[in-house]
Structure formats: structure tokens, C-alpha cells
Amino acid sequence: MTSIITPYEDGPLIVRGDFELRTPEGEPIDAARDTIALCRCGRSADKPFCDGTHKTFRFKAGTGRDHPPARPGDPQDA
């Protein structure tokens, strides 16, 4: 399987290519297409898919992981 996942600034994760989408229990979710948008804001009425709701409340997420969030127990940079 080959897929490309692109985080859109302040929007969804765009998934393109050959992929499988499953529930936490392992049940398949029918994506019905080769390109999908996955919700990152948590407010979509069509989860796990994006329905554009992020635009109504100005969701902010950026596009990259230049500086991943610190996790408890990780050493801090001096």
C-alpha cells in the first residue's frame, strides 16, 4: 500500500493513494474514494471525515512538526 498524507494548514489531513481506514475496534470504514479529508478539529458532523466545520471557528493547526509538543518526562533543551 502506498499513500500520501498531507496536513493542510488550519484544516484536514488529506489522504491520497491506496489506504485502509478502520475504527479503533478494527472494523473497516468505507472511504468510497481514493482521496479523503480527515478531520483534525474534532467538530465534524461526519467524523472521521472533514465537513469544513473547522472554518466556522477558525481552527489553527499549521502544517508541520518542526517543534513537536513536549511530553511529560522528556528532558528539556537547555
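**Exercise 1. Find the bridge partner of Ile14 in strand 3.**

Step 1. Two strands pair if DSSP finds at least two bridges between them.

Step 2. Look across to strand 3: the bridge partner of Ile14 there is Ala37. Arg16 has Thr35 of strand 3 opposite it.

Step 3. Strand 2 and strand 3 are paired in the antiparallel sense, over 4 bridges.

Before going on, please note that this is a predicted model, in which local features need pLDDT of at least 70 and side-chain atom pairs count only at pLDDT 80 or more, while totals for chains, interfaces and linings use all residues. Residues are numbered from 1 along each chain as its sequence is written, and side-chain values use heavy atoms, with hydrogens and water left out.

**Exercise 2. Work out the order of the strands in the sheet and name the edge strands.**

Step 1. List the elements. The protein has 0 helices and 3 strands, and from the N terminus on they run β-β-β.

Step 2. Recall a general point: strands of a sheet pair through backbone hydrogen bonds, either parallel or antiparallel.

Step 3. Apply it here. The 3 strands form an open sheet with the order 1-2-3 and antiparallel pairing. Strand 1 (3-7) and strand 3 are the edge strands, since each pairs on one side only. From one strand to the next, the twist averages 20 degrees (axes are lines fitted to C-alpha atoms, for helices over the stretch in contact, and angles run from 0 to 180 degrees between N-to-C directions).

**Exercise 3. Trace the hairpin formed by strand 1 and strand 2.**

Step 1. Count the bridges: strand 1 is joined to strand 2 (residues 13-17) by 5 of them, and the two run antiparallel.

Step 2. Pick out partners. Ser3 has Gly17 of strand 2 as its bridge partner, and Pro7 stands opposite Leu13 of strand 2.

Step 3. Follow the turn. The hairpin has 5 residues between its two strands, and Asp10 in the turn has a positive phi of about 55 degrees.

**Exercise 4. Decide whether Val15 and Arg16 are buried, partly exposed or exposed.**

Step 1. Take Val15, which lies in strand 2. Val15 counts as buried because its relative accessibility is 5%. Its contacts (heavy atoms within 4.5 Å) include Ile4, Ile5, Ile36 and Leu38. The C-alpha atoms of Val15 and Ile36 are 5.3 Å apart, although 21 residues separate the two along the chain.

Step 2. Now take Arg16, also placed in strand 2. With a relative accessible area of 34%, Arg16 is partly exposed. The side chains of Arg16 and Tyr8 are joined by a polar contact of 3.3 Å. (A polar contact is a pair of N or O atoms within 3.5 Å; within protein, one must be able to donate a hydrogen and the other to accept it, and residues adjacent in sequence count only if both atoms are side-chain atoms.)

Step 3. Compare with the faces of strand 3. In general, the side chains of a regular strand alternate between the two faces of the sheet. In strand 3, Ile36 and Leu38 make up the covered face, and Thr35 and Ala37 the uncovered one.

**Exercise 5. Describe the surroundings of Ser44.**

Step 1. Locate the residue: Ser44 is in the segment after strand 3 (35-38).

Step 2. Ser44 is buried because its relative accessible area is 6%.

Step 3. Find its polar partners. A polar atom of the Ser44 side chain lies 3.0 Å from the backbone nitrogen of Asp46, and the Ser44 side chain reaches the backbone oxygen of Phe49 at 2.6 Å.

Step 4. Beyond its neighbours within four places in sequence, Ser44 is in contact with Cys39, Phe49, Cys50, Asp51 and Thr53.

Note on methods
Buried < 20%, exposed > 50% of the residue type's maximum accessible area, 1.4 Å probe, protein only.
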